[in-house]
Amino acid sequence: MKRQSAVNRVLLALTGIVLLGTGILVLAGGFDLYRRWELTPPDGWPLTAPHDVLLDTADRTRWTDEGWWWPVVITVLAIVVLLALWWLLAQLRRTHPGHIPLGGSPAVDGVQLRERALSEALAADAGQQPGVHKARARMDGSTKHPEAHLDLTLSSDSEPGPVLQALGDGPVERARQSTGQTRLPATVQLRVSPHKAHRTD
């Protein structure tokens, strides 16, 4: 999930940069800002005046008579469309379970546990463990296969190994049993609580 989120952020950032740059160029040329502000754009700079076009007729038709032109264009467009569809479908996939059915499958009475309630209970339980100063939790994955993500701030004198062992045997295991899941993968991020330096005279 973290990898997918990082890819999404990179793609959105690149798309935003391209769109922002294109919009600035179009506005600068459309409002004739270069002439009004007495700016000299670099040679070959596109859209420097209101009547300029990004691609003139010669540029648009330069390669159309070549035999390889249309197969390459169609292939590139097909790849772009497939990548866009793949990205769209990835966004439509549920990245949070929402409601988790108790027992691992829909109960007879339709009893379900809210994702937020389970996250809060897991965080509260983890925060009570020895050596844990503060705990936060969230649930990712799907309804059938939830995943726990915990962010623990350890006290300065605690050891990560025993804390992780107690976390897996305690809060994570209790969360798994309470929801009836056969397994509950957990990812833990550890931090150390800052402490004040001791002054000696």
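These legends walk through several close-up views of one predicted model.

Because the model is predicted, local features need pLDDT of at least 70 and side-chain atom pairs count only at pLDDT 80 or more, while totals for chains, interfaces and linings use all residues. Residues are numbered from 1 along each chain as its sequence is written, and side-chain values use heavy atoms, with hydrogens and water left out.

**View 1. The open sheet has three strands in the order β3-β4-β5.** Helices (H or I, at least four residues) and strands (E, at least two) are DSSP runs, numbered from the N terminus. Two strands pair if DSSP finds at least two bridges between them, and pairing in this sheet is mixed. At the edges sit β3 and β5 (186-192), each of which pairs on one side only. From one strand to the next, the twist averages 15°; axes here are lines fitted to C-alpha atoms, for helices over the stretch in contact, and angles run from 0 to 180 degrees between N-to-C directions.

**View 2. Strands β3 and β4 form a hairpin.** Look for the four residues between the two strands. Strand β3 (residues 132-141) runs antiparallel to β4, and nine bridges join them. Two partners in β4 to pick out are Ala148, which bridges to Met139, and Glu147, which bridges to Asp140. In a regular strand, side chains alternate between the two faces of the sheet.

View 3. Contact means heavy atoms within 4.5 Å. The cover over the buried residues of α6 includes β1 (99-101), β2 (112-114) and α5, along with β3, β4 and β5.

**View 4. Helix α6 bends at Leu167.** The bend is about 40°, and Pro171 follows within four residues; a bend is the angle between axes fitted to the seven residues ending at a residue and the seven starting there. The 20 residues of α6 should span 28 Å at 1.5 Å a residue, which agrees with the 27 Å between its end C-alpha atoms. That expected span is 1.5 Å times one less than the number of residues. Leu167 and Pro171 are among the buried residues of α6, as are Val163 and Ala175. Buried means under 20% relative accessible area, exposed over 50% and partly exposed in between (1.4 Å probe, protein chains only). After the helix comes Gly180, with a positive phi near 75°.

**View 5. Asp32 and Glu38 have positive phi values without being glycines.** Asp32, in the loop between α1 (2-30) and α2 (33-36), has a phi of about 55°. Asp32 counts as buried because its relative accessibility is 12%. Glu38 lies in the loop between α2 and α3 (57-60), and its phi is near 55°. With a relative accessible area of 71%, Glu38 is exposed.

**View 6. Ser156 sits in the loop between β4 (146-154) and α6 (160-179).** Its relative accessibility is 45%, so Ser156 counts as partly exposed. Arg191 is 35 residues from Ser156 in sequence, with 9.5 Å between their C-alpha atoms.
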